[in-house]
Amino acid sequence: MSQRAALLSLACVFALGVRSMAQENPYDSEVHIIKVVLHLVGEEPIKWEGSVDVKGGELLGLKGWCFDKKDKVEDGKWRCTVAEKLIKPPPKGKRQKRRFRNQLLDFAEPEKGLFITVRGPESAVVDLQTNKGEFSIPISDLAPGVDRKLADGLVTVSRGMPSVKVAGDPADEDYPRITTDAQGNLWVAWISWNQKDDEILARKFDGKAWSDPIQVSDGRGQAFDVQIACDERGKVWVVWVWFDFAKEQYDLFAGTVNGDKRPKIVRLTDDAAPDMQPSMVTGPDGTVWLAWQSIREGNSDIFLKRLKDGKWSDEIRVSDHPANDWQPEIAVDKAGTVFVAWDSYRNGNYDIVMKSYRSGKLSPPIPVTTSPDFEAHASIACDASGRVWVAWDHGTPNWGKDYSGHRASFKPPAGSAPMHAYSRMGMACVQDGKVFDVSATIPQPMTPITTEMVVYESLGPKRFYDMPHLAVDGQGRLWCFFRLNRQGYVGHPIGGGVWEIFGTYFADGKWSDPVPVANSEGRMNQRLDSFVDRGGRLLIAWGTGCHFKDVNYDVHIAAAPLLPKANTSAAVGAQTILPPPGKPDEKLRPHFMEVGGKKYQLTYGDLHRHTEISLCTPTIDGSLIDAYRYAIDCAQLDFLGITDHTRDTRPYAWWLTQKAADMFNMPGRFAAFYSYERSNNVVGGGHRNIIFTKRGNKVYRSGTDPWKLWKELADLSRDVITIPHTPGYSGKDDKGTWTYNDPRFEPLVEIFQAYRRSYEMGDPKRMKRAGIPKWSVWYALEKGYKIGFIASSDHWSTHLSYACVYAEAPTRQAIFDALRKRRTFGAMDNIVVEFSINGHPMGEEIRRTEAPTLDVNVQGTAPIKQIDIVRDNEFIHTVKPGANEAKFTFVDKNAPPGTSYYYVRLEQADGKWAWASPIWVRRGK
């Protein structure tokens, strides 16, 4: 049996267990979802087993929630163990064994449960027979948003939202959007990936049956988002982000889907810049409004269009700030006023900004937040009173700034944290241009873990609340949907690398308990969509799947429950007192080095950055799009390589990674590489990042043959390099990363990671006894490997590891050529290092008959404590400037015959370092 078949078989064992009946009607009032959560009380594991029966109805489905491999669902019966996977601390004075470090609990909260799908009237009763007692659960007793406690708090029962699968296997279906047409038909549009390319599809539900998928896009290609809305003539419009391969850019396209004919495609944007993140809404008069983000001339701004009488208007520039503006969300009130909210880096951190548009005029910007915290990913909704509700992701201050990780010796400033160390939802109300607090904040409990966190104890256990989505139903009730991750900081989670959707509504002066949405597991940054139909019913659509479990992404929709009448008006509090805005980051000026008659521009980048796609710490590293936000704004990088692990970069994840690289590649401003990390965990294997300049390359999995990778790469063009990092070594087998090297593909090494440490050399005192460590860069240089230096982040760390490259131009190809020629240095800050020998820049191999003349020019970001010149793993010259800049020449009159390598290392008074790539000098004729 293949691995995929085995996983699908296992998923069936977990999920089915009873006869499955496909639910196609989201309005079916006789289909109910009940979630049963089994808690841990005390420290001893609790073994549960039981069966489910329905009186007065039919059991449609039984699915384990947070089940492990040993847990089981079959034929209406189930069994599981609820426990904390506790690691006993090591004996006093003993180190924790490495193999125990990540064997913690699966989730931050030790609890499991069941999703029970029932068909029947409200009078039906679910009987749960267990070894801890029998529980009868009348469906009529369960109100959505009101949790019910049983067995003295051992069991919690809640009523959820049943889902309807609109699109599924064998393709990956993602980015769904939902609307209704003039006849009341439901329409859903989404992106479908068939393992090769994308197409935009749509389906209609007429109240009885779903149509076959309708192809909206003109052929197949590469898409990144989609929107849908109905205009005043009753025509349903789909807008999508589509990659123009001829122009190498993403643009917006549109088409209608009414009728059986293929739509006529309209191109909405044609600027030589990426257009992305669209948001679309229909106003009360039927006018369709579209907002989006466009990065033009290296600056990201927000734009607006309208569709009226079948014609699209010229674009309206909403923002023109010199800082980058991101991810607009749009809403229209009952008077036809358009509101656009987005997040901006104008204050040196991400803050929420909003503008209104009425009668052809834009309002001045309304600052919704100005704190030093991370406030981004806005959602917006208008209520019947004309008030505008805004919600956002709220993170830590200093987001994306200096943070080293749990192993590096450099200590970051107090208050710093990884990019996704803390994620909550913020919310405010805007009325008449003024910002007000909400009277009752959304409950967001941060449940502690009672076991000791062995690896990540410095950060502590957390829940993560992400991607809030606001909506107002037909009764005027305000809803907030969100993605919840209960994982905490556990490394390599079994089941914790997914986010689930919950919804909470405001009524009678408070927010409800979270309403679980069935079949909603997915990525951190997947946004759902919502729409209120003609009958006032709120509908939501989302994508669900998990690449960690090799489960394809599907499209689901659900109807929010019909709730009893209540005081649904959400109340506002006092007017918000906004803190003074921060100062924008000072823009880095380009630096140029002239050597050997050529001029090179210094570019800064990171070629080892992880996201939630990697299973190591998916809750900490942040999302794919936020990685580019960090690179472009916080670190002001010139290039980036996302390098998620090959074991986690399943085909669809790799497809998303490549599409994001195309989205953000802006020649002359920012270069995005296609890349991943190949960790070959065999003796002599080693960890290597693979960097491509062209899309379409396969993910080369780990194997037992250390040379296999290069054998496969040899069949490609030369536009691929491998960069080893954290070089491993097995003393028992006398094999490690440096036991093999192919100079055709491996010109560089990560000499430093802020997540871990420097790999330059070992402890000098120890080297006197045991020699140069075989895991070190010194060992590789001594073996004769010609490798240049860069620094990289890896997990967690930000703003402290730079691959510094002198390129002939700030483009993807020019930077890649400079990487291959080792015209690089690694640094922990925006340090400038110029290093040459007799007119030849770092990384080159030269021949000289006379004594080599070394020219060094450095510009630090703090006083420079020491500059060393290293020749053949020996320190031969040292200067101690004590100032931020230093320039000197050194002639090595004692240079030995044969080939020697020289490099420069710099240490600042603040503990930050830089290492210039070696120059190899061969003396003699």
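Guide: Let us begin with Q475, which in this predicted model sits in the loop between β34 (464-472) and β35 (478-485).

Visitor: Why is Q475 called partly exposed?

Guide: The relative accessible area of Q475 is 39%, and because buried means under 20% and exposed means over 50%, Q475 falls in between and is therefore partly exposed.

Visitor: Which residues is Q475 in contact with, leaving aside its neighbours within four places in sequence?

Guide: Q475 is in contact with L563, P564, K565 and T568. For T568, which is 93 residues apart from Q475 along the chain, the C-alpha atoms of the two are separated by 7.4 Å.

Visitor: What makes the pairing of the side chains of Q475 and R477 a polar contact?

Guide: The two side chains are joined at 2.5 Å, and since a polar contact requires N or O atoms within 3.5 Å, one able to donate a hydrogen and the other to accept it, the value for Q475 and R477 lies within the cut-off and the pair is therefore counted.

Visitor: How do you know whether N398 and Q636 are buried or partly exposed?

Guide: N398 has a relative accessible area of 36%, and Q636 has 15% relative accessibility. Because buried means under 20% and partly exposed means between that and 50%, N398 is partly exposed, whereas Q636 counts as buried.

Visitor: Which residues of the largest nonpolar core touch the most other members?

Guide: That core has 115 residues, and W312, F664, F670 and F835 touch the most other members. If residues up to four places away in sequence are not counted, F835 touches, among others, M842, L854, Y902 and I919. There is also a second, separate core of 29 residues, which includes I34, I116, A124 and V155. In soluble globular proteins, nonpolar side chains tend to be buried together.

Visitor: What makes R387 and D383 a salt bridge?

Guide: Their closest N and O atoms are 2.9 Å apart, and because the cut-off between a side-chain nitrogen of Lys or Arg and a carboxyl oxygen of Asp or Glu is 4 Å, R387 and D383 qualify as a salt bridge. Both R387 and D383 are buried. A search of the whole structure finds 51 salt bridges.

Visitor: Why do R609 and D606 count as buried?

Guide: R609 has 1% relative accessibility and D606 has 0%, so each of them is under the 20% that defines buried. Their side chains meet in a salt bridge, at 3.5 Å from N to O.

Visitor: Where in the chain are K912 and D829, whose pair links distant parts?

Guide: The side chains of K912 and D829 meet in a salt bridge of 3.0 Å, N to O. K912 is in the loop between β62 (898-908) and β63 (913-916), while D829 is in the loop between β54 (824-827) and β55 (832-837), 83 residues apart. K912 has a relative accessible area of 6% and D829 has 11% relative accessibility, so both are under 20% and count as buried.

How values were computed
Residues are numbered from 1 along each chain as its sequence is written. This is a predicted model: local features need pLDDT of at least 70, side-chain atom pairs count only at pLDDT 80 or more; totals for chains, interfaces and linings use all residues. Side-chain values use heavy atoms; hydrogens and water are left out. Helices (H or I, at least four residues) and strands (E, at least two) are DSSP runs, numbered from the N terminus. Buried means under 20% relative accessible area, exposed over 50%, partly exposed in between (1.4 Å probe, protein chains only). Contact means heavy atoms within 4.5 Å. A nonpolar core is a set of buried Ala, Val, Leu, Ile, Met, Phe, Trp, Tyr and Cys residues joined through side-chain atoms within 4.5 Å.
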